[in-house]
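Let's take a walk through this structure together.

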Amino acid sequence: MSRILITGGCGFIGANLVPMLRNHGHEVTILDNMSKGSRDHLDDPQLYNIVEADIRDEEAVLAAAKGNDAIIHLAAYGSVVESVENPLENFKMNVEGTFHVLSAARRAGVGQFVFSSTGGALIGNAVPPVDECSVPRPISPYGAGKLACEGYCCAFAHSYDMSVTALRFANVIGPISWHKKGAVTAFFKAIMNNKPIIIYGDGAATRDFLYVEDLCRGIIAGLEAKKPGFNAFHLAGGREVSVRELARIACEVAGASDHETIFKPKRKGEVERNFANFDLANQVLGFSPQITLEEGMALTWNWYKSYASDIHAFKA
Ligand SMILES: NC(=O)c1ccc[n+]([C@@H]2O[C@H](COP(=O)([O-])OP(=O)(O)OC[C@H]3O[C@@H](n4cnc5c(N)ncnc54)[C@H](O)[C@@H]3O)[C@@H](O)[C@H]2O)c1
C-alpha cells in the first residue's frame, strides 16, 4: 500500500481514479481548489482526506504532500480554447502551478511524481500517429504549457533524483464529465436539449479517444511501475476518428441518428489531425485499452442520461 496525494482529485479524471486507487490498496489524499471539481463527484467523500487548496499555494501543497509516497498531479485548466482566450491565466494555473507541486514534492521528500500531460496539444500538427519520439511543436498555449511542465518534470527528475512519469493522455471520455467543455460533452448536451450539434471546421479534423477507466488503469500502471528518472508515455486509444464520425457515434448511441449537425468556423489552437501510438506504454507498462470507442460512448451517454435525470437540469 502507498500513500498518494492526488491534485485535482475532485475533477473528471480524478473522481474516476480515486476509487480505483483505493481498490488497489492505496491511501488517498485529495488536494483540489474546487474551481471545476466538486466533492459531489466522489463516490464517497468520507473515504478520502480532502484538502481544499490551490496548487499555487506551495506551503499548502507541502503540508498535504508530507508523509506521502507519491503525487499524481492532475490539477490544471484543461481547455485549449480558453487557453487561446486567456494564455496568462493558463500559464499561471498550469505551468506555475505544476512548478509549485514539483517543488513541494521535492521539499516534502516525495520521491515519485506522475504528471498528467497531453498528446495532441503538446505535439501540435505533426503527421500522425505520433509517439514519444515525435518533436513537440504545440500550437496552443495549453499545449505549450504542458510541454513546459514536462521540461520541469524532466529537470526535477535529474536534479533531485525523483522518479517522474509524464503520461500523455488522448481525449478522455466517460462518466463525471458534465462540467467539461470537450466535444463529447457538447454533443450529448446538444442532443439532450434538442439543439443542433455544433462542429467547428468541416468535421474532418481527427482525434483519438480513450475511455476513462482504461486511462485510469494506465495511470495506476505508470504509478506502480516506479520507473527511475524521467519517462514519458502516450496513453491513447490508437484509433484515428474524425470529429464528424464522433458526432455520428454520439447520435447513434443516443438513439438520435437523424439529429441536426451544423458547422461553424474552425477555432484557433485546435490541431488538424492527431492520434497517438501507445506501443511504448504497452511494452513498459502493459497498457492496453479494453473498451472500444463505441462502448465508451454508450457508457458515457448512459451516465449523462442518469445524471441529467438526477439533477433535473438539461441546460447546456
Ligand atoms: N480530459 C481530457 O480529455 C484530458 C486530456 C489530456 C490531458 N488532460 C489533463 O488531465 C488533467 C485532469 O483533467 P480533467 O479532465 O479531470 O479536468 P477537470 O477540470 O475535470 O479536473 C481538474 C481538477 O483540478 C482542479 N483544479 C484546477 N485548478 C486548480 C488549482 N489551481 N489548484 C487546485 N486544484 C485545481 C479543479 O477544481 C478540478 O477538480 C488535467 O491536467 C488535464 O490537462 C485531460
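Start with the rings: W178, F188, W301, W303, Y304 and Y307 are linked into a cluster by ring pairs. Keep in mind that you're looking at a predicted model. Across the structure there are 10 aromatic pairs. One of them joins F99 and Y152, edge-to-face, with 5.5 Å from centre to centre and 85° between the planes. F99 sits in helix α4 (residues 87–108) and Y152 in helix α6, so this pair ties together parts that lie 53 residues apart in sequence. F99 is partly exposed, at a relative accessible area of 33%, and Y152 is partly exposed too, at 37%.

F99 also pairs with F156, again edge-to-face, and here the centres are 5.9 Å apart with 90° between the planes. Since F99 belongs to helix α4 and F156 to helix α6, the pair ties together parts that are 57 residues apart in sequence. Is F156 buried or exposed? With a relative accessibility of 6%, F156 falls under the 20% cut-off, so it counts as buried.

Now over to the ligand. It's surrounded by 30 residues, and the closest are D32, L74, Y142, H179 and K180. On its own the ligand would expose 830 Å², and the protein buries 95% of that.

Where does this shell come from? At least two residues each are supplied by α1 (12–23), β5 (112–118), α6 (141–159) and β7 (171–173). The largest share, 3 residues, comes from β5.

Two more stops. D54 is in the loop between β3 (49–52) and α2 (58–65). Its side chain makes a polar contact with the side chain of N33, at 3.1 Å. Beyond its sequence neighbours within four places, D54 touches L31, N33 and V61.

Finally, find E294 in helix α11 (residues 293–311). E294 is partly exposed, with a relative accessible area of 31%. Leaving out neighbours within four places in sequence, E294 is in contact with R239, I249 and V253. The C-alpha atoms of E294 and E252 are 9.2 Å apart, though 42 residues separate the two along the chain.

Notes:
Residues are numbered from 1 along each chain as its sequence is written. This is a predicted model: local features need pLDDT of at least 70, side-chain atom pairs count only at pLDDT 80 or more; totals for chains, interfaces and linings use all residues. Side-chain values use heavy atoms; hydrogens and water are left out. Helices (H or I, at least four residues) and strands (E, at least two) are DSSP runs, numbered from the N terminus. A polar contact is a pair of N or O atoms within 3.5 Å; within protein, one must be able to donate a hydrogen and the other to accept it, and residues adjacent in sequence count only if both atoms are side-chain atoms. Contact means heavy atoms within 4.5 Å. Buried means under 20% relative accessible area, exposed over 50%, partly exposed in between (1.4 Å probe, protein chains only). A residue is near a molecule or strand if one of its heavy atoms lies within 4 Å of it. Accessible areas come from the Shrake-Rupley method with a 1.4 Å probe; for residues, only the protein chains shown count as cover. Rings of Phe, Tyr and Trp (its six-membered ring) pair if their centres lie within 6.5 Å; planes under 30 degrees apart count as stacked, over 60 as edge-to-face and the rest as tilted.
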